[in-house]
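Please read it alongside the sequence and the three-dimensional view.

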Amino acid sequence: MVKEISVEEKFELIKRNTAEIISEDGLKKLLKEKKKPVVYWGTAPTGKPHVGYLIPFLKIADLLKAGFKVKILLADIHAALDNTPWIVLEKRYDYYALVIPEAIRAIGVDTKDLEFIKGSEMQLKPEYMYDVLQISSYVSVHDATKAAAEIVKMGDNPKLSGLIYPLMQAIDEQYLGVDAQLGGTDQRKIMVLARENLPKLGYEPRIEIMNPLLPGLIGKKMSSSNEESKIDFLDNEEIVKKKMNKAEFIEGDVDNGVMAFLEYFLMVVKKDKKEKFVVERPVKFGGNVSYSSYEEIKKDVISKKMHPMDLKIAVAKEISKILGKMNQEKLRKLAEKAY
């Protein structure tokens with residue numbers, strides 16, 4: 001029998017490794033008052049998903065443990081609004097509909113507890129579109145532009161569709177019937193827009209939970225559009241190794257994508273499973289080292305006891321283990337049609 005955890009334990013589980021929660025008091029109240037709260041995480045089928053997605057997937061696992069019902073919105077209409085060609089939209093949706101559950105299962109989360117929803121099946125209903133028009137009469141062009149800026153590819157001559165995107169994301173919270181939304185810190189402005197404007201339509205503002213974004217292997221953000229900055233879910237062991245070798249990592253410096261992956265994902269998983277993270281090294285370089293926490297790794301990196309290359313090789317192996325649990329053959333066939 002699974003041990004019932006307290007409201008405080010649930011709150012701490014949800015809060016760990018988050019960048020921000022709006023509002024923490026609201027979340028505590030929700031946990032006290034509702035036995036099975038509902039949260040959603042949404043993604044638009046645009047570029048190919050990468051290991052940066054493992055950060056929210058880990059938070060989805062925490063939310064399930066904390067007693068939430070979790071809905072995953074595969075937002076195909078949002079992808080079209082963010083310049084995905086309509087002609088490949090359905091194929092990209094098919095790819096995401098397979099790759100997202102595959103990746104979630106690969107980190108040990110049971111997908112039977114998740115509900116997957118296709119955006120267009122909900123968003124093209126008359127009452128939904130009526131509310132999108134309604135909210136558009138409250139939100140200024142300036143505020144919609146500001147909210148969309150970190151999410152939508154606006155360019156020098158932005159399309160009107162980019163401004164509709166944040167309005168629909170706000171309305172999604174109501175039509176998905178959720179108490180909270182999970183998203184990256186790049187979603188913050190859209191989440192605030194939702195909280196400020198849903199009450200004008202007579203709807204409750206939701207709790208907004210934000211996970212940190214995984215920095216790129218090269219550059220500041222792991223991006224679907226920059227192959228060198230990300231490890232794709234379809235990358236084989238050789239490619240993972242090559243990309244990791246090229247990853248930016250100055251000796252003694254912990255401000256990089258490799259260390260962020262260890263902090264926000266890998267060492268959290270290891271700790272939960274009561275496993276150690278092993279870095280294999282030749283005896284002449286100090287031999288193998290095993291770590292129980294991120295803090296131990298950080299200490300050794302700062303003191304230069306651990307060389308970046310040894311750490312990169314060990315992280316590459318762990319990533320390849322996860323990717324090896326996914327149905328790569330089936331994914332590749334779908335990806336060829338979608339991209």
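Axes are lines fitted to C-alpha atoms, for helices over the stretch in contact, and angles run from 0 to 180 degrees between N-to-C directions. The model is predicted: local features need pLDDT of at least 70, side-chain atom pairs count only at pLDDT 80 or more, and totals for chains, interfaces and linings use all residues. Residues are numbered from 1 along each chain as its sequence is written, and side-chain values use heavy atoms, with hydrogens and water left out. Helices (H or I, at least four residues) are DSSP runs, numbered from the N terminus.

**Helix 5 with helix 15**

- Helix 5 (residues 89-106) packs against helix 15 (residues 328-338) at an angle of about 155°, and their axes are 8 Å apart.
- The two helices, helix 5 and helix 15, are therefore roughly antiparallel (angles over 145 degrees; under 35 counts as roughly parallel, 65 to 115 as roughly perpendicular and the rest as oblique).
- The crossing of helix 5 and helix 15 is left-handed (the near helix is turned anticlockwise from the far one by less than a right angle; clockwise is right-handed).
- Contact (heavy atoms within 4.5 Å) involves Lys91, Arg92, Asp94, Tyr95, Leu98 and Val99 of helix 5 and Lys330, Leu331, Leu334, Ala335, Lys337 and Ala338 of helix 15.
- The residues of this contact between helix 5 and helix 15 comprise seven nonpolar, no polar and five charged (Ala, Val, Leu, Ile, Met, Phe, Trp, Tyr, Cys and Pro count as nonpolar, Asp, Glu, Lys and Arg as charged, and the others, Gly among them, as polar).

**Packing on helix 14**

- Helix 11 (residues 237-246) and helix 14 pack at about 150° with axes 9 Å apart; helix 11 and helix 14 are therefore roughly antiparallel, and their crossing is right-handed.
- On the helix 11 side, Glu237, Val240, Lys241, Met244, Asn245 and Lys246 meet Met309, Lys312, Val315, Ala316, Ile319, Ser320 and Leu323 of helix 14.
- The contact of helix 11 with helix 14 has seven nonpolar, two polar and four charged residues.
- Helix 12 (residues 257-272) and helix 14 (residues 308-323) have axes that come within 12 Å and cross at roughly 55°; helix 12 and helix 14 are therefore oblique to each other, and their crossing is left-handed.
- Helix 12 contributes Val258, Met259, Phe261, Leu262, Phe265, Leu266 and Lys270 to this contact, and helix 14 contributes Leu311, Lys312, Val315, Glu318, Ile319 and Ile322.
- The contact of helix 12 with helix 14 contains 10 nonpolar, no polar and three charged residues.

**Cavities and a pocket**

- On a 1 Å grid over the protein atoms alone, a cavity is a set of points where a 1.4 Å probe fits but cannot get out, and a pocket is an open set with protein on both sides within 12 Å along at least five of seven lines; lining residues have an atom within 4 Å of a point.
- Grid points are joined across faces, edges and corners, and a volume is the space filled by probe spheres set on the points.
- The structure holds two cavities of 30 Å³ or more, and the largest cavity contains about 60 Å³ of space.
- The largest cavity is lined by Arg16, Asn17, Ile55, Leu58, Lys59, Asp62, Asn211, Pro212 and Tyr264, and helix 3 gives the most to this lining, with four residues.
- The second largest pocket has a volume of about 360 Å³ and 18 lining residues, of which Ala61, Leu64, Lys65, Gly108 and Val109 lie nearest its centre.
- Helix 3 (54-65) and helix 12 are the elements that give two or more residues to the lining of the second largest pocket, and the largest share, five residues, comes from helix 3.
- The lining of the second largest pocket comprises seven nonpolar, two polar and nine charged residues.
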